[in-house]
Amino acid sequence: MEKINYEQIRTSVVTKVRFCTLTNKGRYVPNHWHRAIELVYLLEGELLVSVENNSRILHPGECMLINANVIHSNKAISFNKYILLQIPLDFIENFISNIQQVKFIVNDGQENELKQQKINKIKVFLRKMKELDDKCEENFLLYFNCLLFELLCLIQRDFSEKVYQIDVSQK
């Protein structure tokens with residue numbers, strides 16, 4: 001039986017999220033899970049991403065959202081470069097009170113034109129965040145957090161689905 005590890009997300013002391021641009025060739029990250037939603041936006045190469053029992057090869061310009069507490073892995077098929085954003089649930093809970101009851105559905109194979117336009121907005125935010133992160137100029141934190149919160153609003157508004165309804169009167 002395969003051991004599935006819990007990944008402790010190392011967030012920035014400044015932003016409270018993990019945001020970075022990774023490059024690798026042939027790297028394999030085995031099955032793991034964490035209490036953070038994860039956005040992967042592939043800039044170059046190919047990356048095999050497995051989420052639960054589904055695998056998908058990401059190509060340049062594609063992005064994927066992996067929900068918190070979901071078993072996933074990835075493997076570089078070729079040299080690749082991608083933006084990684086991990087937002088811990090502890091952080092999100094400060095702003096979305098029912099986050100434990102929410103699942104984000106971005107990559108479900110139902111990407112019609114309207115949904116693709118919304119996914120493109122996610123990519124725009126990630127590219128802008130990368131530009132800020134690369135430059136790290138004055139007021140970086142202010143601008144970065146503006147983009148982070150706009151991105152959270154976008155995925156909450158356009159891609160969230162309740163997992164189950166809690167009857168508050170019985171709670």
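**Reading salt bridges and a sheet**

Student: With which residue does Arg 35 form a salt bridge when the closest N and O atoms are 3.9 Å apart, and what is a salt bridge?

Tutor: The term is used when a side-chain nitrogen of Lys or Arg lies within 4 Å of a carboxyl oxygen of Asp or Glu. Here the partner of Arg 35 is Glu 93, with 3.9 Å between the closest N and O atoms. Arg 35 sits in the loop between strand 3 and strand 4, while Glu 93 sits in the loop between helix 1 and strand 10 (102-104), so this pair ties together parts that are 58 residues apart in sequence. Helices (H or I, at least four residues) and strands (E, at least two) are DSSP runs, numbered from the N terminus.

Before we go on, please keep in mind that this is a predicted model, in which local features need pLDDT of at least 70 and side-chain atom pairs count only at pLDDT 80 or more, whereas totals for chains, interfaces and linings use all residues. Residues are numbered from 1 along each chain as its sequence is written, and side-chain values use heavy atoms, with hydrogens and water left out.

Student: Which residues are linked with Arg 35 in a network of salt bridges?

Tutor: The network links Arg 35, Asp 90 and Glu 93. Between Asp 90 and Arg 35, the closest N and O atoms are 2.9 Å apart. A search of the whole structure finds 7 salt bridges, and one of them joins Asp 158 to Arg 157, where the closest N and O atoms are 3.0 Å apart.

Student: Is Asp 90 buried or exposed?

Tutor: A residue is called buried under 20% relative accessible area, exposed over 50%, and partly exposed in between (1.4 Å probe, protein chains only). Asp 90 counts as exposed, at 51% relative accessibility, whereas Arg 35 is partly exposed at 28% and Glu 93 is partly exposed at 32%.

Student: How many strands form the open sheet, and in what order do they stand?

Tutor: Two strands pair if DSSP finds at least two bridges between them. In this model 4 strands form the open sheet, in the order 2-9-4-7, with antiparallel pairing. Strand 2 (18-24) and strand 7 (63-66) are the edge strands, each pairing on one side only. From one strand to the next the twist averages 20°, where axes are lines fitted to C-alpha atoms, for helices over the stretch in contact, and angles run from 0 to 180 degrees between N-to-C directions.

Student: How many bridges join strand 4 to strand 9?

Tutor: There are 8 bridges between strand 4 (residues 36-44) and strand 9 (residues 80-88).

Student: Why is strand 9 called largely enclosed?

Tutor: It is described this way because 8 of the 9 residues of strand 9 are buried. Asn 80, which lies in strand 9, has 0% relative accessibility and counts as buried. Contact means heavy atoms within 4.5 Å, and the residues that Asn 80 touches include Leu 22, Leu 42 and Leu 47, leaving aside those up to four places away in sequence.
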